[in-house]
Structures are given as structure tokens and as C-alpha cells.
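Thanks for sending this one over.

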Amino acid sequence: MTKVPAGRHPLRVFVVLIALLPPSIRVLPDLVINQIAAGEVVERPASALKELIENSLDAGATRIGVELLAGGIKRIRVEDDGIGIAERELPLALSRHATSKIATSDDLERVASLGFRGEALASLASIARVTLSSRRRDAAHAASLEANGGSMGDVSAAALAEGTVVVADELFYNTPARRKFLKSEGTEFGHCEDVVRRLALAAPDVAFTLSHNGRRVAQWPVANAKERIGAILGADFAEAAVAVEAGTPPFSLRGWVALPRYTRATRDQQFFFVNGRFVRDKLIAHAVKAAYADVLHGERQPALVLFFDLDPALVDVNVHPAKTEVRFRDGHAVHRFIQHAIGKSLAAPVGADAPAVSESERFLERIAARRMETASPAPYQPRFALAPGVAQVAEPLAAYRTIFGENQRDSPGENARPANDLPFRREPHARADEHPLGYAIAQLHGVYILAQNQRGLVVVDMHAAHERIVYERMKAAQSRGAMASQPLIAPLSVALGERDRELAERHRGFLLEIGFDIAPLCETEVAIRAVPALLPGIDAPAMLRELLDDLARHGQTRVHEAVRDELLSTMACHAAVRANRSLTLAEMNALLRDMEATERSGQCNHGRPTWFQFGMNDLDRLFMRGR
Ligand code: ADP
Ligand code: MG
């Protein structure tokens with residue numbers, strides 16, 4: 001017998017004794033099992049809410065009402081008009097591993113419902129006071145059942161139209177350790193709101209209401225997908241969004257991605273659904289990032305709502321109890337498909353749509369609205385007309401070549417023709433409809449090109465646009481392995497520090513691949529023997545230094561695709577026409593034609609827009625014509 005030191009509490013002694021005994025294996029009581037499961041499924045009010053709304057959606061509800069008290073900690077109430085639960089099955093619904101959604105392990109391979117594990121309600125009932133009331137469509141009356149920390153009451157009659165109401169009160173009342181991990185009411189409510197938004201985005205055909213502490217916070221009536229997205233993410237997103245439509249069911253990607261002029265500091269507006277289920281998945285996140293890599297550099301995050309559907313047998317949703325992670329049978333194929341589909345939508349060339357229109361419209365609306373408040377009716381104005389003399393102006397194409405390079409021959413279109421065959425020399429008005437970006441009429445302060453097209457006025461940021469064109473051209477040439485070098489008549493010697501000389505040596509092969517032929521000269525200098533043929537007239541030493549800086553920053557021995565693109569982007573920025581360079585109309589028109597023929601030309605390499613369209617209607621409104 002162990003000697004008990006004086007002053008020790010007998011209970012303490014007992015605990016010590018138990019600890020000394022060899023542990024015996026025993027089956028845990030149901031309550032503990034459920035509480036362990038609850039640890040995974042019900043992490044906080046928002047996760048409980050997610051399970052309840054998913055149950056309502058699985059039950060085919062067309063209306064779902066959510067009421068929360070104190071961020072959901074005090075009460076979560078979810079009401080739906082779904083098929084309901086039969087009175088005799090109410091106790092089963094609250095039991096662990098009881099589900100109506102799958103029956104065999106084969107079913108597990110093809111889960112089409114949001115739930116299937118049969119543990120959400122049981123888990124919830126183990127850590128909260130739950131009341132489940134329901135009425136099936138064919139039932140004479142509703143029934144209700146209370147469960148409380150593992151003990152279940154009796155089924156009793158209740159008053160309810162068809163559907164189901166689940167009330168969960170006092171979350172974690174019997175597991176104080178868990179309760180302590182909850183954040184403030186406001187934070188918990190924020191998480192709940194996120195959950196409702198996600199589920200509502202994927203179910204626009206279901207009406208949702210959300211209230212908090214008795215106040216209505218959101219109300220989304222039945223809508224189509226685009227309307228629902230607009231209602232939840234706001235008009236700014238909807239207006240910057242381009243549609244994604246790729247593949248054919250049962251393997252398809254549908255939805256909207258925001259052009260890079262609409263970005264976020266965080267990933268809070270990235271909604272990706274796999275077979276209707278919101279997921280956060282590394283593979284998908286990577287594919288999204290890769291798709292945007294070309295138009296969005298730096299820290300900004302894209303915004304998107306995408307629905308990826310595929311044969312349920314090709315994806316495992318049973319990876320995590322909260323089911324927010326998935327595992328694809330063929331991850332590579334999925335990655336490629338998603339990246340390509342998003343990339344294609346972002347790359348839509350200029351002519352396909354005028355993505356910037358709505359933004360300029362809103363801008364003009366604001367101006368017009370401001371002016372309406374103060375202005376008297378506008379005096380008569382002559383119709384917006386072509387700048388005088390435009391049709392007569394002609395410049396030799398050679399001028400364009402000196403600035404933009406020889407390579408407009410690469411792109412299809414008229415700029416490849418001899419100068420005397422340029423269309424604008426003849427009848428710009430008659431042909432205006434043939435070119436989405438129209439014809440240049442002027443250059444503004446050496447920065448913007450003004451052009452006239454069928455719809456009205458086009459304003460182009462010439463540096464940004466040219467940068468994108470050069471970049472795309474270099475990428476195309478590079479991928480064909482045809483980034484030709486232009487030997488210099490006299491090699492240029494460049495003084496470089498030790499780090500840079502070493503980098504130039506190490507990456508010599510790569511530099512040659514992109515057109516730079518570099519050879520060591522002496523202890524402190526290298527010679528540039530040839531420069532990229534695509535970039536005539538560049539400041540080669542300055543560009544080389546910048547490239548070496550980029551290479552140093554990445555610190556790799558091999559240049560990967562992403563790094564290569566970044567280097568090409570640096571070169572493009574360097575080579576693009578600078579502000580204050582005055583251009584002739586011929587040069588400006590050639591640039592417009594190049595934009596039309598270039599993918600992704602709506603944004604510069606940094607994601608900023610390259611052009612805006614101002615419609616005649618916009619301008620008329622601005623001048624209050626026709627009012
Ligand atoms: P699971 O959803 O994984 O099946 P749950 O514990 O969430 O497990 O729910 C258990 C069962 O209770 C479901 O399979 C379903 O039959 C029934 N149920 C739960 N909520 C509802 C509801 N709102 N409407 C109709 N049936 C429901
Ligand atoms: Mg469920």
C-alpha cells in the first residue's frame with residue numbers, strides 16, 4: 001500500500017492510484033462518442049449552421065429561414081419547407097450514423113446530397129439543447145422531439161406547416177472548454193453569415209432570409225445564378241465579371257470570374273463549388289492562381305464564383321468531416337482543365353466584348369448626376385464629330401516600326417500590309433465598324449490615345465496596352481523557341497558586380513533563349529553581343545541589370561515557367577512605349593490593330609485596364625442631349 005503523505009486529499013490519492021494501474025480498453029459511452037464527433041463537425045456556431053442548412057437543401061426546401069441569437073451561440077434556428085421527417089423517424093434523425101441519404105458503400109462513391117455521414121444532428125444534440133420539429137407533406141400533424149446532452153425526450157405533437165424546424169440552444173453549454181474557444185458574438189456571426197452566403201450562392205433557386213438578434217440582415221428571393229451573385233457579392237463584382245463556360249456535363253466549369261481590375265486583398269471572394277459543395281482546396285486554389293498569373297501580379301487576390309461539376313465517382317468528398325476538402329481521382333486533369341477554362345475567359349480579346357464599358361458608364365453616370373443637380377439645360381451643341389483633317393493624315397508605317405518594332409508582322413491584320421494600303425488612309429467612317437477599337441483621332445498629353453469607333457469614344461493607355469502586346473508576343477515567340485537574337489555590330493560592355501556576373505554566367509543559356517547573348521569580358525565586365533530581335537532600340541544594359549535583379553530575387557538555378565513569364569513581363573514593361581512619346585495617327589492605329597489581335601490586351605501585365613469605351617449614349621447623357 002502506498003503511503004499517503006499527510007495533508008493529501010483522498011480523491012487525489014485515488015487519481016494517482018488509477019494512473020498507476022494498467023489502462024483498460026473500454027467502449028466509450030454514446031455521449032462521449034458524439035461529443036468527439038462534434039469536435040470535428042461542430043467547431044463553432046457557423047459549422048452547426050452549415051449542417052442544418054445543408055439538411056434543408058437536401059430535403060428539397062425552396063425557402064430557408066435562419067434566425068440567430070448572439071452570433072449563434074445562444075440560438076440557431078433553421079426553418080425550411082422541405083419534405084420533412086416522419087414522426088416515427090424523429091429519434092433516428094438525432095441518432096448517430098443514421099441517414100436517409102446513402103445505404104451502401106457503393107452509394108458512398110456517388111454521393112449526390114450535401115450530407116451523408118448521418119452524424120450532424122447527433123453531434124449537435126450532444127453539445128447543445130436541440131429541438132427538432134417536422135411535418136411531412138402527407139402527415140396529419142407535426143411532431144417534435146427534444147434532445148439534451150445525449151438524452152432524448154419523447155416525441156410529442158407540435159404545430160407546424162409542412163417542413164422542418166431545428167432549434168439549437170446554448171451551444172457547448174456542457175463542454176465549457178470548447179465554449180471558451182468561441183470568439184466574440186460579432187465574429188461568430190460573421191462566420192455564420194459567410195456560411196449562409198456560400199450556400200445561397202450555390203442555390204439561387206431557394207429563397208433565403210437571415211436575421212440576427214431579431215433584426216433582418218439578409219433576404220435573397222429566388223433568382224437566377226447571376227442575380228444571386230450580384231445580390232450577394234455586390235454590383236461591382238457583377239460588373240467586372242466575365243463568364244466561364246467550359247466542358248460539357250458531367251464534366252464542366254460554369255460561373256463568373258472578375259477581370260483583374262476588380263481584385264481583393266484576401267481570398268474572401270473566391271467561391272468554388274464542386275458538385276454544389278463549397279470547398280477550399282489547394283489544387284483548385286493553385287489552378288486559379290496559375291490562371292490569373294498572367295494578368296495579376298503581386299499580392300492582390302482574384303474574385304470568382306465557379307461551379308465545377310463532375311461525375312461524383314471521380315471525386316472523394318469524404319476526406320474531412322466538415323466536407324470542405326475534396327480529393328480528385330485525376331488531380332492533374334482537373335488542374336489543367338480549371339486553369340485553362342479560367343485563363344480562356346480572362347484572355348478574351350478586345351473585340352469580343354467591351355469589358356470596361358460598365359465602369360465608364362458608372363463614372364459618367366456619377367458625373368451626369370452631379371451636374372444634374374447644378375446645371376441648367378445644356379445649350380445646343382454640334383454633334384460629336386471627327387477631328388478635322390483626320391481622314392487626310394497619313395504616316396509612313398516605318399515610323400510605327402521604329403517605335404513598336406518590326407514584329408507587327410506576327411499578328412494578323414492590316415498593319416502587316418504596306419503603308420499605302422492602310423485602311424484609315426481611305427475612308428475611316430465607312431470602315432469604323434470593322435475594328436472594335438476604331439481609329440485614332442488624337443493623342444492626349446502623350447499618355448492616352450483617343451479613338452473613334454462605332455459606339456463612340458475609346459481611350460487607350462498606350463504604355464499599358466503596348467506592354468501587354470510586347471509581352472504576349474514575346475511569350476508566343478518564346479514558346480515556339482523562336483525568340484530570335486539581333487547581333488550588335490559592336491558588342492556593348494557592361495560593368496557588373498560579382499553577384500550579377502555570376503548570375504549572368506549561371507543563366508547564360510536562359511538569357512540566350514530570350515535573345516540576350518552575354519559573354520564574360522574581364523573581372524568586372526560582361527559583353528552584350530546580341531539583344532532580343534523583338535525589342536529593337538531598347539536600353540540593353542539597363543534591361544540586363546533588371547533581369548539579373550529578378551533572377552537574384554528568385555534565387556533558383558533553373559528558370560521555371562512562372563519566373564520566365566515574370567522576366568518577360570519585366571522586359572515588356574521596359575520595352576513598351578513610354579509616356580510623352582508623341583505618336584502619329586498611323587502609329588496609334590497600328591497599336592489599336594495590334595491590341596485587337598492580342599489576347600488579354602484588356603489588361604496590362606499588372607492587371608490594370610488598358611482601355612475604356614465611352615458610348616455615344618454616355619456622352620449624350622453627359623451633355624444632357626435629348627432630354
Ligand atoms: P446526414 O445529413 O448526413 O444524413 P444528419 O445528422 O444531418 O445526417 O441528418 C440525419 C437525417 O435526418 C437525414 O439523413 C435526414 O433524413 C433527416 N433530416 C435532417 N434534417 C432534415 C430536414 N431539414 N428536412 C428533412 N429531413 C431532415
Ligand atoms: Mg446533414
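This is a predicted model: local features need pLDDT of at least 70, side-chain atom pairs count only at pLDDT 80 or more; totals for chains, interfaces and linings use all residues.

1. Three elements each supply at least two residues of its lining: H3, helix H8 (185-202) and strand E13 (277-278). H8 gives the most, with four residues. The volume of this largest cavity is about 110 Å³.

2. By class, the lining of the largest cavity has five nonpolar, two polar and five charged residues. Searching the whole structure turns up six cavities of 30 Å³ or more.

3. Next, the ligand. Which residues come nearest to ligand 1? Of the 19 residues around ligand 1, they are Asn55, Thr99, Ser100, Lys101 and Gly118. The shell around ligand 1 splits into seven nonpolar, eight polar and four charged residues.

4. Ser100 places a polar side-chain atom 2.5 Å from an oxygen atom of ligand 1, and Asn55 has a polar side-chain atom 2.8 Å from an oxygen atom of the ligand. With Arg117 the backbone takes part: one of its polar backbone atoms is 3.0 Å from an oxygen atom of ligand 1. Taken alone, ligand 1 exposes 530 Å², and the protein buries 93% of that.

5. Where does ligand 1 sit among the pockets? The space it takes is the second largest pocket. In the shell around ligand 1, helix H3 (45-58) and helix H6 (120-127) are the elements that give two or more residues.

6. The second largest pocket itself holds about 730 Å³ of space. Its lining counts 34 residues, and those nearest its centre are Asn55, Ile85, Ala93, Ser100 and Lys101. At least two lining residues come from each of H3, strand E2 (75-80), helix H4 (90-93), H6 and strand E7 (163-169). The largest share, five residues, comes from H3. In terms of class, the lining of the second largest pocket comprises 15 nonpolar, ten polar and nine charged residues.

7. Then there is the largest pocket, with a volume of about 1,400 Å³. Its lining is made of 46 residues, of which Ala290, Ala291, Ala293, Asp294 and Asp565 lie nearest the centre. The elements giving two or more residues to this lining are helix H11 (282-292), helix H12 (331-347), helix H16 (462-479) and helix H20 (561-575). The lining of the largest pocket divides into 16 nonpolar, twelve polar and 18 charged residues.

8. Finally, two backbone details to look up. Pro249 and Pro250 are joined by a cis peptide bond, with omega about 5 degrees. Pro250 belongs to the loop between strand E10 (241-248) and strand E11 (251-258). Ala70 has phi near 50 degrees, a positive value in a residue other than glycine. You will find Ala70 in the loop between strand E1 (63-69) and E2.

Terms used. Residues are numbered from 1 along each chain as its sequence is written. Chains are lettered from A and ligands numbered from 1 in the order in which they are written. Side-chain values use heavy atoms; hydrogens and water are left out. A residue is near a molecule or strand if one of its heavy atoms lies within 4 Å of it. A polar contact is a pair of N or O atoms within 3.5 Å; within protein, one must be able to donate a hydrogen and the other to accept it, and residues adjacent in sequence count only if both atoms are side-chain atoms. Accessible areas come from the Shrake-Rupley method with a 1.4 Å probe; for residues, only the protein chains shown count as cover. On a 1 Å grid over the protein atoms alone, a cavity is a set of points where a 1.4 Å probe fits but cannot get out, and a pocket is an open set with protein on both sides within 12 Å along at least five of seven lines; lining residues have an atom within 4 Å of a point. A molecule sits in a cavity or pocket if more than half of its atoms lie within 2 Å of its grid points. Ala, Val, Leu, Ile, Met, Phe, Trp, Tyr, Cys and Pro count as nonpolar, Asp, Glu, Lys and Arg as charged, and the others, Gly among them, as polar. Grid points are joined across faces, edges and corners, and a volume is the space filled by probe spheres set on the points.
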